Amino acid sequence: MKTDEFDSIIFDCDGVLIDVTQSYDTTINKTISYVIKEIAGITADTPLTNEILLKFKSTGGFNDEIDITYSGILCFIAAKKLNRNPTELILDVLDNADNSGITYVENFLNKIDVNISDIKSRLNYPSIDKNDLIHSTFDQLFFGPELYSKIFQKESKFSEKGFIENDQVIVNFELIQTLKKKFNDKIAIVTGRGFNAINSSLKEILNQFNVDNSVFLEDES
């Protein structure tokens with residue numbers, strides 16, 4: 001297909017403009033570690049290996065990193081109840097996973113006769129206001145105290161810098177300038193992130209995109 005058949009180009013952010021393996025992926029693991037310790041007394045420094053994270057994303061049902069986090073938490077607590085190795089259980093869950101995401105994980109655990117209703121009730125995920133334990137912990141760890149306060153008008157309970165600072169920008173000015181010439185300056189972004197989050201990582205490169213015609217889903221009601 002020839003590029004001159006198109007008059008504009010739209011980018012996703014995570015994994016396309018920005019390498020998030022040291023930011024979002026790390027936040028997934030840190031959130032799981034914190035939550036399973038808080039509610040079940042389970043200690044795990046790196047709950048999900050890179051292989052498992054890739055398996056989650058490859059199913060097509062886990063485009064939201066917090067859905068992966070929730071599923072990891074369910075599996076770790078279910079493994080404790082079953083007296084099983086959590087990594088082995090997660091691999092069993094993912095071996096035949098479809099694209100229904102957290103629904104598939106919940107159904108799988110129910111089918112192997114492990115009661116997760118108490119944990120689901122306590123986690124209350126996903127909540128409409130995103131004020132549940134998983135969302136709030138993930139956001140505080142990812143954004144860090146200053147950016148979290150700016151976005152949510154709340155104080156973070158964590159003092160460490162946010163893992164968003166580990167974002168690695170993939171795109172560069174030279175490529176952007178080439179694309180702007182090719183598409184008459186019609187380059188934009190559609191991302192699940194909010195404007196403040198993507199601006200924090202892309203910085204001045206964001207100004208090279210048509211921000212008015214970009215979509216930042218986290219900022220939408």
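Predicted model: local features only at pLDDT ≥ 70, side-chain atom pairs only at ≥ 80, totals over all residues.

Tutor: Residues are numbered from 1 along each chain as its sequence is written, and side-chain values use heavy atoms, with hydrogens and water left out.

Student: How many helices and strands does the chain have?

Tutor: Helices (H or I, at least four residues) and strands (E, at least two) are DSSP runs, numbered from the N terminus. The chain has 9 helices and 5 strands.

Student: At what angle do the axes of α1 and α7 cross?

Tutor: Axes are lines fitted to C-alpha atoms, for helices over the stretch in contact (heavy atoms within 4.5 Å). Angles run from 0 to 180 degrees between N-to-C directions. Helix α1 (residues 24-40) and helix α7 (residues 133-152) have axes that cross at roughly 130° and come within 9 Å.

Student: Which residues make the contact?

Tutor: Among them are Tyr 24, Ile 28 and Tyr 34 of α1, and Leu 133, Phe 138 and Phe 142 of α7.

Student: How much of the chain counts as buried?

Tutor: Buried means under 20% relative accessible area, exposed over 50%, partly exposed in between (1.4 Å probe, protein chains only). Of the 221 residues, 47% count as buried. Cys 13 is buried, at 0%. Cys 75 is buried too, at 0%.

Student: How many disulfides are there?

Tutor: A disulfide is a pair of cysteine sulfur atoms within 2.5 Å. The count here is 0.
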